[in-house]
Amino acid sequence: MRRYAGQKKQAGEITRHTTQATGQPISRFTVATRLHGGGLFARRPVRCVPLTPAHRRRRSLWCREHRNLRDNEWGRVLFTDESRFSLSSDSHRILIWRERGSRNHPSNIIERDRYGGRGVLVWGSIMLGSRTDLHIFDAGSVNGSRYCNEILLPYVRLFRGAMGLQFLFMDDNAPCHRTVASEQLLESRRLEARTLPPVTIRELRLALQDEWAAMPQQLIDTLNLSMGRRCETCLAVRGDHIPY
C-alpha cells in the first residue's frame with residue numbers, strides 16, 4: 001500500500017482512492033491497520049491561521065530584528081492578542097494519518113482562522129512577571145475607536161506608565177487594533193477538557209476568566225523568555241509555521 005505520510009490524508013479518503021485504483025473493495029479497518037503497521041498514526045491536525053507569502057516575509061523580518069534581544073529586554077515587552085471562542089467545537093473529529101514527529105510539517109497543518117457558532121471575543125496580554133485581566137468584548141464589531149476605549153486606555157496605558165521609556169508594545173499592523181500576535185495562549189483547549197463544558201455564553205465567559213486567572217505566571221514567564229529561540233526557529237523555516 002502506498003505511504004501517505006505528510007499528505008494530510010484521512011482513512012476514508014485513502015480507502016476510496018485505493019478501491020478506485022485497484023477495482024477491488026477494501027475496508028476502512030484494513031486501511032487503518034496497514035497504515036499503522038507502516039509507522040503512521042491517526043492524529044488530529046494542527047490548526048493555525050493562514051500565512052500568505054507577505055505574512056512569511058514580515059515574520060522573518062520581525063525575527064531578524066529581535067533575535068538578539070536579551071532576557072531583560074524581552075521583559076519590557078507587552079505581548080497581546082485576541083481570540084474568538086465558540087460554544088461549538090471546530091474539530092469535527094477530523095483525523096489525519098502521519099508519521100511520528102511530523103505534527104508541524106506544513107502538509108499536516110490545517111490553516112483556519114474562523115470558527116462558527118455562538119461565542120465571545122476576548123483580549124489579553126502578558127509580560128514577564130505579570131498579565132492584564134482578560135477582557136471580554138460585548139456583542140458587536142471591534143473597530144479602532146472601540147479598541148482604543150476598551151483596551152488601549154484602560155489596560156495598555158497603565159503598563160506603559162509603570163514601565164516608562166523601557167516599555168515595548170509589539171504591533172502586528174492589524175487594521176482595527178494593531179496588536180502583536182502572541183503565543184496563542186488563549187487558544188488552549190483546556191475549556192474542552194472540563195468535566196462540564198460551557199453550554200451558554202455566560203458559562204463560556206466565566207470559564208475563560210477562570211482559565212486565564214489559573215494560568216501559572218511561571219508558564220507565562222517561560223514563554224516570554226523563549227522568544228529568542230522562537231525567532232531562530234521561525235527564521236529557519238523562512239517565516240512559516242513553527243512548532244510552538
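Colleague: Let's start with the charged side chains: how many salt bridges does the structure hold?

Modeller: Please keep in mind that this is a predicted model. The structure holds five salt bridges, and among them is one between the side chains of Asp240 and Arg56, with a distance of 3.5 Å from N to O.

Colleague: Where in the chain do Asp240 and Arg56 sit?

Modeller: Asp240 is in the segment after α8 and Arg56 is in helix α3, so that this pair links distant parts of the chain, 184 residues apart. Asp240 is buried, with a relative accessible area of 17%, whereas Arg56 is partly exposed at 22%.

Colleague: What about Asp138, which residue is its salt bridge partner?

Modeller: That partner is Arg205, with 3.8 Å between the closest N and O atoms. This pair also links distant parts of the chain, since Asp138 lies in the loop between β8 and α5 and Arg205 lies in helix α6, 67 residues apart.

Colleague: Is Asp138 buried or exposed?

Modeller: Asp138 counts as exposed because its relative accessibility is 52%, and the cut-off for that class is over 50%.

Colleague: Switching to cysteines, how many disulfides does a search of the whole structure find?

Modeller: The search finds zero disulfides. Cys231 is in no disulfide, and its nearest cysteine sulfur, that of Cys63, is 4.1 Å away. Cys234 is in no disulfide either, and there the nearest cysteine sulfur, again that of Cys63, is 3.7 Å away.

Colleague: Is Cys234 buried or exposed?

Modeller: Cys234 counts as buried, at 3% relative accessibility, and Cys231 counts as buried too, at 1%.

Colleague: Now the aromatics, how many pairs does the count come to?

Modeller: The count comes to three aromatic pairs. One of them is Trp62 with Trp74, a tilted pair with 6.1 Å from centre to centre and 40° between the planes. Trp62 belongs to helix α3 and Trp74 to helix α4, twelve residues apart, and the pair is one that links distant parts of the chain.

Colleague: Which residue makes a stacked pair with Trp74?

Modeller: Phe79 does, with 6.1 Å from centre to centre and 25° between the planes. Trp62, Trp74 and Phe79 form one aromatic cluster.

Colleague: Which residues have the most contacts inside the largest nonpolar core?

Modeller: That core has 21 residues, and those with the most contacts inside it are Trp74, Phe79, Val120, Val122 and Leu208. The elements β3, β6, α6 and α8 each supply at least two residues of this core, and α8 gives the most, with four residues.

Colleague: What does the second, separate core include?

Modeller: The second core has eleven residues, including Leu78, Phe137, Ile151 and Tyr155.

Colleague: Last topic, where is the place of Ser226?

Modeller: Ser226 is in the loop between α7 and α8, and it is buried, with a relative accessible area of 3%.

Colleague: Which side chain does the side chain of Ser226 make a polar contact with?

Modeller: The side chain of Ser226 makes a polar contact with that of Arg230, at 2.6 Å.

How values were computed: Residues numbered from 1 in each chain as written. Predicted model: local features only at pLDDT ≥ 70, side-chain atom pairs only at ≥ 80, totals over all residues. Heavy atoms only, no water. Disulfide = S-S within 2.5 Å. Buried < 20%, exposed > 50% of the residue type's maximum accessible area, 1.4 Å probe, protein only. Phe/Tyr/Trp six-rings, centres within 6.5 Å; stacked < 30°, edge-to-face > 60°. Core = buried A, V, L, I, M, F, W, Y, C linked by side-chain atoms within 4.5 Å. Salt bridge = Lys/Arg side-chain N within 4 Å of Asp/Glu carboxyl O. Polar contact = N/O pair within 3.5 Å; in protein donor to acceptor, adjacent residues only side chain to side chain.
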